[in-house]
Amino acid sequence: MIEMKHITHAYGEIKVLDDVNLTIKEEKITALIGANGAGKSTLLGVLSRLLTPATGAIYLDGVSINQMKSKDIAKRIAILKQTNQLNIRITVKDLVSFGRFPHSQGRLKDSDNMKIEEALQYMNVKDLENRYLDELSGGQRQRAYIAMILAQDTKYIFLDEPLNNLDMKYAVEMMTILQKMVKELHKTIVVVMHDINFAAAFADHIIAMKDGQIIEEGTIDYMMDKAILDHVFDHDFCIAGVNGRKVCIYYQQKETVQETDI
Amino acid sequence: MKHKKVFMWLSILVVFSMIFYLFFWMLTTPYDLFPSDPLRAEKMRDAILSIVSRKSIQMLAMIVSAILISSTALVFQTLTHNRILTPSLIGFDAIFISVQTAIVFFFTSSSIIYLNPYINFLVASGFMILISLSLYKLILKNNRNHIIFLLLVGMVLSTFSRSLASFLQNIMDPEEFQSLTIRTEVSITNMNTSIIGIALPVMVVIIVLLIREFKHYDVMSLGESQAISLGVSYTKKMNVGLIYIALAMSISTAMIGPISFLGLIAVNAAREMLKDYKHFPLFIASSLVAIIFLVLGQGIIAETGYLTTVTVLISMVGGAYMIYLILKENQS
């Protein structure tokens with residue numbers, strides 16, 4: 001179980017996280033939503049120890065992660081930031097093998113190779129294993145990275161905007177895989193997302209942030225509410241039902257449609 | 001398999017360079033090296049021995065420096081996430097010269113800190129470590145990905161340290177200045193082999209320690225957040241790496257003086273040849289390339305009667321290569 005207690009973080013004078021308390025729901029996909037600058041990525045960074053908070057602590061099964069070795073945390077928590085440009089040329093297989101580093105410290109054993117193989121198969125990148133990462137499409141590359149995270153074999157997986165630069169097809173595919181990972185492999189996944197409809201369709205739980213604080217959290221049904229979303233984004237939402245699911249529309253609603261656009 | 005082939009060819013070239021450097025002069029010397037007169041023959045044998053042993057020590061100093069320069073360049077490029085800059089290009093060797101000048105200026109040339117090569121080395125590299133760590137904390141940490149910015153920092157830094165050194169030298173007592181030149185005017189043609197006794201063991205120790213860090217540096221080349229996610233204590237590894245770089249740069253600059261582009265050539269040539277990102281093979285190949293450049297280059301230059309220096313030669317090749325690399329980087 002991961003808990004955050006009284007986390008505050010600031011960049012210079014600006015507070016990005018303000019006394020945040022949070023318990024991550026186990027074996028669920030949690031979506032972090034909020035406007036730009038609300039503190040989502042910072043929250044994820046603090047959760048995964050990329051950032052050391054100014055005050056407060058993160059507890060992993062009751063133990064503060066400050067007291068744990070980085071190597072041991074890496075066996076239980078994995079994070080993937082928005083895939084940034086690499087300046088090394090590396091094959092998919094090598095990348096996925098890095099996922100075993102916390103376990104093998106660079107010396108791959110048979111059990112490690114098995115995990116790598118499993119991860120390659122699971123993410124459907126086995127046939128790409130000898131290709132270089134810069135030769136792949138955005139969707140394939142993202143799958144390769146997730147395969148590395150899978151090879152790391154952690155219970156907790158944090159993803160910072162994994163759908164960035166993916167088209168609809170790949171985005172749906174990615175979210176479906178994440179759902180499968182929760183169901184089959186019992187992972188706990190936290191995702192920073194921009195598209196609320198994607199969050200509503202695939203997540204189990206939504207946390208809404210604004211000005212460095214968690215202002216609402218709850219099930220999809222509860223969160224997909226006009227009053228809540230209006231408040232979170234300071235924007236005018238319209239909630240509709242499609243095929244029994246709640247969907248929100250946030251552009252060109254009746255009263256704001258401008259004649260000139262037609 | 002491909003790696004083995006590259007290593008083999010490079011090793012053959014290294015051996016050839018060494019033989020060339022040590023013995024080629026015998027073929028071109030105007031003197032009769034094996035006179036029939038037994039008395040003269042014995043004298044000649046002593047002369048040959050002393051020349052070869054002097055050359056061997058110089059060669060050892062070059063090899064040690066070549067390994068240090070190429071490995072620091074390799075590690076520096078991983079730590080700063082770029083493939084072009086090296087510690088010398090960012091002004092590390094200029095800092096070393098100004099540290100030496102400052103030591104003479106503030107402690108006089110008769111102080112033990114200056115006279116004893118070992119204590120001098122310890123104090124100077126201590127300062128280098130301090131300066132490079134604070135440099136990193138203040139500037140490099142937040143600007144790792146901006147190559148042009150780093151280049152600018154390097155330019156300012158090396159100009160500043162050189163100016164500072166020459167300013168101190170100008171207001172210094174002339175006799176002090178004279179004795180200072182022993183340390184600051186070191187170059188490949190005017191090597192300071194007196195510290196080889198400390199340089200060699202220090203090099204062996206740090207290279208062994210470094211090789212053990214390579215697996216972490218491999219992970220670190222995936223970027224900071226991914227490395228932390230995979231359990232590498234990034235900040236700690238970074239600081240250790242910087243200390244290593246400062247130490248290695250002190251040794252090589254103290255022995256053979258500044259050689260700006262050697263690291264750049266060696267590491268990038270190794271990358272081109274191996275097409276690998278792993279540090280261990282890159283380290284081996286780049287060290288071999290650096291040794292070839294230094295030893296063979298110096299050997300050839302000595303044979304041409306010192307028409308130019310190998311430093312000039314390397315700067316010419318390296319400078320052109322660097323412009324090419326920057327242009328290539330800009331295109332991608």
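**Close-ups of chain B and its contacts**

**View 1. Where chain B meets chain A.** Let's start at the chain boundary: 22 residues of chain A are in contact with 15 residues of chain B. Keep in mind that this is a predicted model. On the chain B side, two helices, H9 (196–220) and H10 (224–229), each put in at least two residues. H10(B) gives the most to this side, with 3 residues.

View 2. Now we look at chain B by itself. The domain assignment gives domain 1 as two stretches, 1–52 and 273–332, while domain 2 runs over 64–258. Taken over C-alpha atoms, the centres of domain 1 and domain 2 of chain B are 24 Å apart.

**View 3. Where the domains of chain B touch.** Here, 15 residues of domain 2 of chain B are in contact with 20 residues of domain 1 of chain B. Look for helices H13 (279–303) and H14 (310–331) of chain B: each brings at least two residues to the domain 1 side that touches domain 2. H13(B) has the largest share of that side, 10 residues. Sorted by class, the domain 1 side that touches domain 2 of chain B holds 12 nonpolar residues, along with 6 polar and 2 charged ones.

Terms used:
Residues numbered from 1 in each chain as written. Chains lettered and ligands numbered in written order. Predicted model: local features only at pLDDT ≥ 70, side-chain atom pairs only at ≥ 80, totals over all residues. Contact = placed C-beta atoms within 7 Å. Helix = DSSP H or I, 4+ residues; strand = E, 2+ residues; numbered from the N terminus. Domains from an automatic or database assignment. Nonpolar A, V, L, I, M, F, W, Y, C, P; charged D, E, K, R; others polar.
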